[in-house]
Amino acid sequence: MAASGLSAEVDVGQVVLPGDVLLLPAAPNADGERLRLGPSSAPRGRLLCGPGLRRCAAGLLVTKCGLLRHRPPAGAGTGGGAYWVDSQQKRYVPVKGDPIIGIVTAKAGDIFKVDVGGSEQASLSYLAFEGATKRNRPNVQVGDLVYGQFIVANKDMEPEMVCIDSSGRANGMGIIGHEGLLFKVSLGLIRKLLAPNCEIIQELGQLYPFEIVLGMNGRIWVKAKTVQQTLIVANILEACEHMTSEQRKQALAKLSES
Amino acid sequence: MGSEPEPGCALRPFAVEQGLLSRPDGSAAFVQGDTSVLAGVYGPAEVRSSRESPERAALDVLLRPKVGLPGVLERSREQMVRRACEAALLGELHPRSSVTLVLQVVSDAGSLLSCCLNAACLALLDAGLPLRSLFCGVTCALAPDGAVALDPSARQEKEARAVLTFAFESTEKRLLLSTTRGACSAKEVEYVRDVHGTSV
């Protein structure tokens with residue numbers, strides 16, 4: 001019959017499939033780029049097991065298909081860094097701390113029910129806005145867009161979101177204006193756009209000035225000066241996923257001529 | 001690997017395309033010879049309170065035949081695909097939610113159940129749902145003289161004494177599903193499963 005099912009040496013940056021078991025490096029000082037087969041003592045420090053990986057008896061079990069990534073530990077010698085799988089998904093699963101765009105669907109007493117694109121609606125308290133008190137309620141109607149972050153998001157509880165940060169300030173969060181366009185893209189594109197110094201946003205900014213809000217649940221809100229410019233920006237962002245950077249530069253060059 | 005495959009035990013050429021449908025969260029089309037199945041996965045999504053489970057995601061499989069309404073045969077195949085998928089899916093990570101898998105038969109030229117299993121696995125993979133392992137399906141036909149044919153065509157299935165379908169998971173090649181139609185002895189089932197099933 002086949003072997004025990006443990007994977008051989010897997011380099012970071014390779015494609016991994018669900019069911020692969022990754023063993024952790026034996027020596028804590030060893031290069032964290034390789035995950036070797038063989039007996040291993042527990043590595044010193046904490047190893048962060050990111051999305052797509054789960055702890056199992058032998059090491060890390062891969063649960064999603066994608067590229068294996070590794071981030072070396074920040075401090076000198078402490079911790080074992082972080083491993084995760086870069087995978088592509090359309091459906092969002094709430095994660096604590098993620099900034100998201102939600103659509104208010106119902107007002108129930110003291111809380112709003114917000115659709116965030118997951119399996120459950122999130123709850124948003126009316127006091128979770130900057131400067132909101134029991135007498136000074138925020139002006140939120142059903143159908144409004146809100147930009148907030150999750151404070152409670154796990155598989156067993158209903159997700160809860162707020163539109164203020166830990167010090168009580170809005171910090172850019174809150175109700176999004178009534179104009180503009182909301183559309184949905186895949187989660188991988190959002191992560192690409194949120195990377196520092198993203199070329200796509202900078203190039204689009206040179207074309208037309210626009211406001212943009214990116215939610216980790218795959219939703220983007222865009223507003224430019226005219227409706228036509230808004231639609232052009234939205235179409236380019238949606239198409240960016242399937243275009244190489246040369247094709248994108250060509251499309252933008254054609255648009256800036258016309 | 002195992003022994004050399006015997007003549008007549010070669011699989012028909014197969015092809016896969018993932019992410020071809022825009023509405024579902026994950027989709028895959030699997031083609032085995034002339035048999036082709038399209039699968040779409042929606043999930044983890046909202047669930048009706050009657051189907052809600054506090055421990056795991058509720059998995060629903062819908063199999064749509066090429067013509068006509070789904071009948072009893074489709075219902076039994078749905079349950080078989082559902083059991084194989086539940087063994088591979090990590091439903092504990094998404095309690096109180098539902099995962100819906102829709103399989104559409106595009107063309108049926110033999111080995112339909114294994115084509116459905118393969119399309120289901122790849123659609124779950126495309127949707128980014130957490131899986132314990134991958135799985136695959138394979139069909140074998142036992143001719144009246146005892147010869148074994150893997151991945152039989154419709155004609156081979158009709159002439160066969162028995163048609164057996166197995167699903168294997170990818171990490172330790174363990175058996176997830178085994179179903180037989182026709183008359184064959186228990187020893188023949190074991191032989192087909194051990195020799196031909198795991199060499200796939």
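A polar contact is a pair of N or O atoms within 3.5 Å; within protein, one must be able to donate a hydrogen and the other to accept it, and residues adjacent in sequence count only if both atoms are side-chain atoms. Keep that handy for the tour.

What you have open is a predicted model, where local features need pLDDT of at least 70, side-chain atom pairs count only at pLDDT 80 or more, and totals for chains, interfaces and linings use all residues. Residues are numbered from 1 along each chain as its sequence is written, chains are lettered from A and ligands numbered from 1 in the order in which they are written, and side-chain values use heavy atoms, with hydrogens and water left out.

**Stop 1: D25(B)**

Select D25(B), in the loop between β1 and β2 (26-32) of chain B; strands here are DSSP runs of E, at least two residues, and helices are runs of H or I, at least four, numbered from the N terminus. A polar atom of its side chain sits 2.8 Å from the backbone nitrogen of G43(B). D25(B) is buried, at 9% relative accessible area (buried means under 20%, exposed over 50%, partly exposed in between, with a 1.4 Å probe and protein chains only). Now show its contacts (heavy atoms within 4.5 Å). Leaving out residues up to four places away in sequence, D25(B) touches K90(A) and R91(A) in chain A, plus V41(B), Y42(B), G43(B), D126(B) and A127(B).

**Stop 2: R12(B)**

Stay in chain B and pick R12(B), in the segment before β1 (14-18). Is R12(B) buried or exposed? R12(B) is buried, with a relative accessible area of 15%. Its side chain makes a polar contact with the side chain of T35(B), at 3.5 Å. Among the residues that R12(B) touches, not counting those up to four places away in sequence, are Q32(B), A109(B) and D151(B).

Colour chain B by pLDDT (the predictor's confidence in each residue, from 0 to 100): the mean is 90, and 93% of its residues reach 70 or more.

**Stop 3: chain A and helix α1**

Switch to chain A, which has 4 helices and 18 strands. Of its 258 residues, 41% count as buried. Select helix α1 (residues 187-194), where L187(A), G188(A), L189(A), I190(A) and L193(A) are buried. Which elements do these residues pack against? The buried residues of α1(A) pack against α2, β17 (210-214), β18 (219-224) and α3 (227-239) of chain A.

**Stop 4: I201(A) in α2**

Next, click I201(A), in helix α2 of chain A. At 22% relative accessibility, I201(A) is partly exposed. I201(A) touches L193(A), F210(A) and I212(A), again without residues up to four places away in sequence.

**Stop 5: α2 beside α4**

Show helix α2 (residues 199-207) and helix α4 (residues 245-257) of chain A together: their axes come within 10 Å and cross at roughly 10°. Axes are lines fitted to C-alpha atoms, for helices over the stretch in contact, and angles run from 0 to 180 degrees between N-to-C directions. The two helices are therefore roughly parallel (the word covers angles under 35 degrees).

**Last stop: H242(A)**

Finish at H242(A), in the loop between α3 and α4 of chain A. At 68% relative accessibility, H242(A) is exposed.

Definitions and conventions
Angles under 35 degrees count as roughly parallel, over 145 as roughly antiparallel, 65 to 115 as roughly perpendicular and the rest as oblique.
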